[in-house]
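User: I'd like to learn how to read helices and their packing in a model. Could you walk me through it?

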Amino acid sequence: MKQTNNAPKQQRLRSLDALRGFDMFWIIGGQRIILALAALTGWPLFKWLHSQMNHVKWEGFAFYDLIFPLFLFLAGVSMPFSFGKRLSNGDSKASIYNHAFTRMITLIILGMLYNRILNFDEEHLRFASVLGRIGIAWFLAAIIFLNTSLHWQIVWFWGLLISYYLLMQFVPVPGFGAGVLTLEGNLSGYIDRLLLPGTLHLKVMEPEGILSTIPSIGTAMLGVFAGTFLHSQKVNFSKIQKGLIIIFAGLVSLAVGKLWGLFFPIIKNLWTSSFTLYAGGWSLLLLGIFYLIIDVWGFKKWAFFFVVIGLNPITIYIVQYKIINFNTMRDFFFGGFMRIAPESVVPLIGSIGYTAGVWMFLYILYRKKIFLKV
């Protein structure tokens, strides 16, 4: 017998797809465009944006450091919506566990493929990856979400961040001692050198390593909290109030992350607890702004460019550098313009051409309704 559900239907948040696309835009060509504009114009605005388009070497934070945690945060935001829909449709928790576990394993494998594991080059074999971390952190956050109340989810969140802080500060590393947060002397890197096979991305440590996965679960959990709040029909707030509260929560998270950074520095490569809160603060701010503009006030047309990207993020992450040569596509369509243009303008035309090629590829997938869902 067919089950009926009289609960109000939750529409898909367009802002999630748009913000995910905004996040991915910077690695499919947005960074190149900013660098070209900074070189061409010399304007202070573009010079400042240029300074934000690279990862900081160690301690500190730049906009480019937000791309990875924002993606993981958004995966957490989606969780209450996707799991809530499946549970309301009668799916068992066991089937959701199976899906979540399969997703984690798939992402780990895709990450290893991205790192060219099929080259069988033992000297450069790298098992840890960005996709692997997303899979593991999302899966563990899903287990917490599915089996605990909101109260205990919050306990888990702070427990993960505080436990990681205590481990990094008070467990000594042979030859360095406790609380050393340098590239060579930190506990996370030491554990990676002991336990991770193959090569490490930073030679002496792995940014997507074992111990630093602990606080990355917290990044996904922050997204879960935001998604739970937006998804809930029980809280007595209007959509505008929800968006403003998300923004306020972002400001609080930024402040707490900055304050904690005085004692436990903001370091992306270690995914420090302060980094989790600081990056989470920016993620919450962006989510609140996108949610208000797109889902509350209904200004959607401008976001279509980002939505096309945001519906196929894993696809473009994998194919951009490893499978399809978009530089060849750029040269085919824009090569003539690049030959006749002034030399100073060529990088800008090239970067726009590259981005346009990637976007058109994703647009074709969008029109054909081809989406890589993991």
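Analyst: Let's start with a single helix. Helix α8 covers residues 213-231, 19 residues in total, and runs 27 Å from its first C-alpha to its last, close to the 27 Å expected at 1.5 Å a residue. The expected span is 1.5 Å times one less than the number of residues. Helices here are DSSP runs of H or I with at least four residues, strands are runs of E with at least two, and both are numbered from the N terminus. Before going on: this is a predicted model, where local features need pLDDT of at least 70 and side-chain atom pairs count only at pLDDT 80 or more, while totals for chains, interfaces and linings use all residues. Residues are numbered from 1 along each chain as its sequence is written, and side-chain values use heavy atoms, with hydrogens and water left out.

User: Why is α8 described as largely enclosed?

Analyst: Because 16 of its 19 residues are buried, α8 is largely enclosed by the rest of the structure. Buried means under 20% relative accessible area, exposed means over 50%, and partly exposed lies in between (1.4 Å probe, protein chains only).

User: How do I describe two packed helices?

Analyst: Two packed helices are described by the angle between their axes and the distance between the axes. Axes are lines fitted to C-alpha atoms, for helices over the stretch in contact, and angles run from 0 to 180 degrees between N-to-C directions. Here, α1 (residues 14-41) packs on α14 (residues 346-367) at about 165 degrees, with the axes 8 Å apart. That makes α1 roughly antiparallel to α14; angles over 145 degrees get that label, those under 35 are roughly parallel, 65 to 115 roughly perpendicular, and the rest oblique.

User: Is the crossing of α1 and α14 left-handed or right-handed?

Analyst: Left-handed. That is the name if the near helix is turned anticlockwise from the far one by less than a right angle; clockwise gives right-handed. Contact means heavy atoms within 4.5 Å, and among the residues that meet are F25, I33 and L40 in α1, with L348, Y354 and V358 in α14. The contact residues divide into 11 nonpolar, four polar and one charged. Nonpolar covers Ala, Val, Leu, Ile, Met, Phe, Trp, Tyr, Cys and Pro; charged covers Asp, Glu, Lys and Arg; the others, Gly among them, are polar.

User: What covers the buried residues of α14?

Analyst: The cover includes α1, α11 (304-310), α12 (313-322) and α13 (326-340). Among the buried residues of α14 are G350, W359 and L365. Just after α14, K369 takes a positive phi of about 60 degrees.
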